[in-house]
Amino acid sequence: MKNLFYLMFIVMIIAGCNGIPSSNSDSFRNPVGRVIVDDEGYMMQIGEFELKDDDVTIRNLNTPDKYGLAEEFETLTVEKGDKIKIEIDQNPPSIIVNQENEDGTIDNIEIQNNEITLPTEKGYYIYEVIAKYNEGKSTFVFDLNIE
């Protein structure tokens with residue numbers, strides 16, 4: 001009987017150490033990012049992220065580079081000069097959009113009302129979207145063919 005008590009005690013301690021997700025576990029849910037083209041939403045690929053809450057920090061720094069992430073995203077074909085919308089869950093206070101051109105140069109793109117204006121030149125472009133929160137940041141990637 002004593003052995004059974006110790007066995008149950010050990011099981012309870014192990015279960016307690018693993019923890020049961022609390023109601024605060026939602027605070028660690030990584031946001032989802034979408035690019036909206038012609039009222040159709042496409043989930044961007046999530047890259048690196050870092051989220052902090054009190055004494056806990058969650059990081060994902062071991063992701064493919066932006067080229068690998070762009071390859072995983074289904075390249076969208078759009079018209080030159082179009083506007084597209086960027087939506088990111090949890091409404092980050094700051095969004096930075098970087099556009100990589102075919103020649104490898106990178107431009108910082110102005111975002112207003114969660115919209116960006118696409119280039120007026122045909123070509124292939126990779127976009128990196130960096131969402132910054134008080135609790136961390138998340139990086140998203142998508143790519144476009146502009147006709």
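Reply: Patches consist of residues with over 30% relative accessible area and no salt bridge, with like charges joined within 9 Å. A salt bridge is a side-chain nitrogen of Lys or Arg within 4 Å of a carboxyl oxygen of Asp or Glu. The model is predicted: local features need pLDDT of at least 70, and side-chain atom pairs count only at pLDDT 80 or more, while totals for chains, interfaces and linings use all residues. Residues are numbered from 1 along each chain, and side-chain values use heavy atoms, leaving out hydrogens and water.

Me: Which residues form the negative surface patch?
Reply: D38, D39, E40, E79 and E147 form it.

Me: Where does E147 lie?
Reply: E147 is in the segment after β11 (136-146). With a relative accessible area of 48%, E147 is partly exposed, a class between buried (under 20%) and exposed (over 50%), computed with a 1.4 Å probe and protein chains only.

Me: Now the inside. Which residues touch the most other members of the largest nonpolar core?
Reply: I88, Y127, V129 and F142 do, in a core of 23 residues. Such a core is a set of buried Ala, Val, Leu, Ile, Met, Phe, Trp, Tyr and Cys residues joined through side-chain atoms within 4.5 Å.

Me: Which element gives the largest share?
Reply: That is β10, with five residues.

Me: How many helices and strands are there?
Reply: The protein has two helices and eleven strands. These are DSSP runs: helices (H or I) have at least four residues and strands (E) at least two, numbered from the N terminus.

Me: And where is V32 found?
Reply: V32 sits in the loop between α1 (2-18) and β1. Its C-alpha atom is 9.3 Å from that of S138, 106 residues apart along the chain.

Terms used
Patches are made of residues with over 30% relative accessible area and no salt bridge: like charges are joined within 9 Å, nonpolar side chains (Val, Leu, Ile, Met, Phe, Trp, Tyr) within 5 Å. Accessible areas come from the Shrake-Rupley method with a 1.4 Å probe; for residues, only the protein chains shown count as cover. Lys and Arg count as positive and Asp and Glu as negative; His and the chain ends are not counted. The place of a charge is taken as NZ of Lys, CZ of Arg, CG of Asp or CD of Glu.
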